[in-house]
Amino acid sequence: ADIGYINGGGMRADIPKGDVALKNLLNVLPFNNTIVLAQVNGQTIKDMLEMAVMKWPSEDGSFPHLAGITFSLKTSIPSSVLVNELDEFQGVAGQYRVYDIKIFNRETQTYEPIILDKKYTIAAANYYLLDCGSGMTMFKDAEILKNEGFVSGYKVEGEGAIKNIVVTLKYKGNERVISGLKRVSKPGLRQYAKVNEIPKVL
């Protein structure tokens, strides 16, 4: 991808100095998000940045943590981002606060000014690129190039207290992405005894 993006609210812990264990990563990224690769134009990237810093300098979970891209922010002017009643992006009414946006060119190994009608690839969580989370509706027409994950959907069947969850797995061509399931734990064995049959340990 040309750009990597994760929102500040998606990272929930610090990583301590030294060796990094899996549990450290799970503490940092506890949500069940998957990585999506999409293709969008430069204008969409600019709109995403403008929306992400809309509430700056106030703290906000949408604040971007990025790779492959740099930008500057005009803090002297107020945000003119337009949102609807659901806080979804509708456009920018006035001057953009973000400027001097540059994207890293891996061939020349330099950062180059963004071209608004040029296509770029971005890797981010499904929460943004598929669900348009945090109001990021500028991604609604993004061309999805790759969507990681194992589940394509689910539905709840049944009525009352007893229901079933039907999970639909993804396929790559005619191959399932999950080829098998294996039980690695055994169910517990319960043993019943009367109170006077329980041996004393002390």
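**Exercise 1. Work out the order of the strands in the open sheet and find which strands stand at its edges.**

Solution. The 5 strands form an open sheet with mixed pairing, in the order E3-E1-E9-E2-E10, where strands (E, at least two residues) and helices (H or I, at least four residues) are DSSP runs numbered from the N terminus, and two strands pair if DSSP finds at least two bridges between them. E3 and strand E10 (143-147) each have a single partner strand and stand at the edges, so one side of each is left without a neighbour in the sheet. From one strand to the next, the twist averages 25 degrees, the angles running from 0 to 180 degrees between N-to-C directions of axes, which are lines fitted to C-alpha atoms, for helices over the stretch in contact.

The model is predicted, and local features need pLDDT of at least 70, side-chain atom pairs count only at pLDDT 80 or more, while totals for chains, interfaces and linings use all residues. Residues are numbered from 1 along each chain as its sequence is written, and side-chain values use heavy atoms, with hydrogens and water left out.

**Exercise 2. Determine in which sense E1 pairs with E9 and with E3.**

Solution. Begin with strand E9 (residues 119-125), which pairs with E1 in the parallel sense over 2 bridges; here Gly4 has Ala123 as its bridge partner.
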